[in-house]
Amino acid sequence: MRAAIITSSDSGYAGEREDKSGPLIREILEGAGYEVVYAVLLPDDREMLADEMRQIADDHMAELLVTTGGTGFSPRDCMPEATMDVTERAVPGIPEAMRSYSMTITPRAMLSRGAAGIRKQTLIVNLPGSPKAVKESLEYILPALWHGLEILTGEATNCGDKSQKG
């Protein structure tokens, strides 16, 4: 499976802060067998983020698009809104699972506004911005994602078949 990564950060885009979450996502995904084909750092700009997600999905660049950043309460945080602007179907169980798991680590997890959805044959998943939260969230959901992507792309047809990977 191919994956793409979008980091949303005004300070990172301006060169004032190093992006640690994007490279961590790459490391985790590649360790799980994904081919990371694209990664970009953009400012917290709803239209730019939505346009980038649209292009990745519409050009069939990746089956999985993982974003980091822009899921908090800051007035500039807009990743969930940009994600929902482009998705055709919501996948609420993924962010619900991440928040539920993260709540066992910190009560602040309830403040994450991350979303997930499908556009064409691309699953888009918003992760928080901190490397610690990225690692905890992504490693928690990753085992289930492969099978979901197989269903989405037509490589598998039966969610109840335990013999398939994932």
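Two residues are in contact when heavy atoms of theirs lie within 4.5 Å. Among contacts in the protein chain between residues at least 6 apart in sequence, 75% join residues at least 24 apart. The model is a predicted one.

**Overall architecture**

- The protein chain holds six helices and six strands.
- In sequence order, these elements follow the pattern β-α-α-β-α-β-α-β-α-β-β-α.
- The radius of gyration is 15 Å, close to the 15 Å that the globule rule gives for 166 residues, so the protein chain is as compact as a globular protein of that length.
- The C-alpha trace spans about 45 × 40 × 25 Å along its principal axes.

**Surface, burial and charge**

- Of the 166 residues in the protein chain, 46% are buried.
- The accessible surface amounts to about 8200 Å², and carbon and sulfur atoms account for 51% of that surface.

**Nonpolar cores**

- The largest nonpolar core consists of 26 residues, and those with the most contacts inside this core are Leu29, Tyr34, Leu64, Leu123 and Val125.
- At least two residues of this core come from each of strand 1 (2-8), helix 2 (21-31), strand 3 (64-68), helix 5 (93-103), strand 5 (116-119), strand 6 (122-127) and helix 6 (131-153).
- The element that gives the most to this core is helix 6, with eight residues.
- Another core, of 15 residues, lies apart from the largest one, and its members include Leu49, Met53, Ile56 and Leu65.
- When neighbours within four places in sequence are left aside, Val125 is in contact with Leu64, Leu65, Val66, Thr67, Ile94, Met98, Ala115, Ala116 and Ile141.

- Most residues other than glycine have a negative phi.
- His60, which is not a glycine, has a positive phi of about 55°.
- His60 is placed in the loop between helix 3 (46-58) and strand 3, and His60 is partly exposed, with a relative accessible area of 45%.
- Lys120 is a residue other than glycine whose phi is positive, near 55°.
- The loop between strand 5 and strand 6 contains Lys120, and Lys120 is partly exposed, with a relative accessible area of 37%.

Methods. Residues are numbered from 1 along each chain as its sequence is written. This is a predicted model: local features need pLDDT of at least 70, side-chain atom pairs count only at pLDDT 80 or more; totals for chains, interfaces and linings use all residues. Side-chain values use heavy atoms; hydrogens and water are left out. A nonpolar core is a set of buried Ala, Val, Leu, Ile, Met, Phe, Trp, Tyr and Cys residues joined through side-chain atoms within 4.5 Å. Buried means under 20% relative accessible area, exposed over 50%, partly exposed in between (1.4 Å probe, protein chains only). Helices (H or I, at least four residues) and strands (E, at least two) are DSSP runs, numbered from the N terminus. The radius of gyration is taken over C-alpha atoms; the globule rule is 2.2 Å times the number of residues to the power 0.38. Accessible areas come from the Shrake-Rupley method with a 1.4 Å probe; for residues, only the protein chains shown count as cover.
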